[in-house]
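Take the whole chain before the single residue. The walk-through below moves from overall fold to one site.

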Amino acid sequence: MGKVVDREFAIEMVKADGTLLRIVDEELKKEMSILNAAIKSDIASLQYFPAFALDSSNIAKAISKYPNSHLHFECFSEKVRSTKELMLEVINNNPLIFQTLTPELKSNNDFVTEALGNEKI
């Protein structure tokens, strides 16, 4: 099966089923409108995101606001998941993301103390 190369069709397709991002052409996956449509449809589409998106703190912040985002946050690069300021922000959006932290952050007493200061945890 070939990759979907028509932009409008790709958007409509991933709106209906975000996991269909897996058959979208790599060039189209660079477009935020397509990635946003996929993630709004199904957070499991994260597994088909291009590497640049999984290394993006802006995308990580946005994703953290979705229900069940903690179940898929490990898709993000270790660089993203080990950035203290970013992880404090995303934990504020979804405290369950705490479980996806890198071991270094989990063992950082100052970080854990600050994160636990968040009343949602």
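Among contacts in the protein chain with a separation of 6 or more, 42% join residues 24 or more positions apart. Contact here means heavy atoms within 4.5 Å. This is a predicted model, in which local features need pLDDT of at least 70, side-chain atom pairs count only at pLDDT 80 or more, and totals for chains, interfaces and linings use all residues. Residues are numbered from 1 along each chain as its sequence is written, and side-chain values use heavy atoms, with hydrogens and water left out.

The protein chain has seven helices and zero strands. Its pattern along the sequence reads α-α-α-α-α-α-α. Helices (H or I, at least four residues) and strands (E, at least two) are DSSP runs, numbered from the N terminus. The C-alpha atoms fill a box of roughly 50 × 25 × 20 Å along the principal axes.

Of the 121 residues, 42% count as buried. Buried means under 20% relative accessible area, with a 1.4 Å probe and protein chains only. The chain exposes about 6700 Å², by the Shrake-Rupley method with a 1.4 Å probe. Carbon and sulfur atoms supply 51% of that area.

Now turn to Ser 69. This residue is found in the loop between helix H3 (57-63) and helix H4 (78-81). Ser 69 counts as buried because its relative accessibility is 0%. Leaving aside neighbours within four places in sequence, Ser 69 is in contact with Ile 43, Ile 63, Ser 64, Asn 94 and Ile 97. With Asn 94, the link is also polar: the two side chains make a polar contact at 2.9 Å. Such a contact is a pair of N or O atoms within 3.5 Å; within protein, one must be able to donate a hydrogen and the other to accept it, and residues adjacent in sequence count only if both atoms are side-chain atoms.

Notes
Buried means under 20% relative accessible area, exposed over 50%, partly exposed in between (1.4 Å probe, protein chains only).
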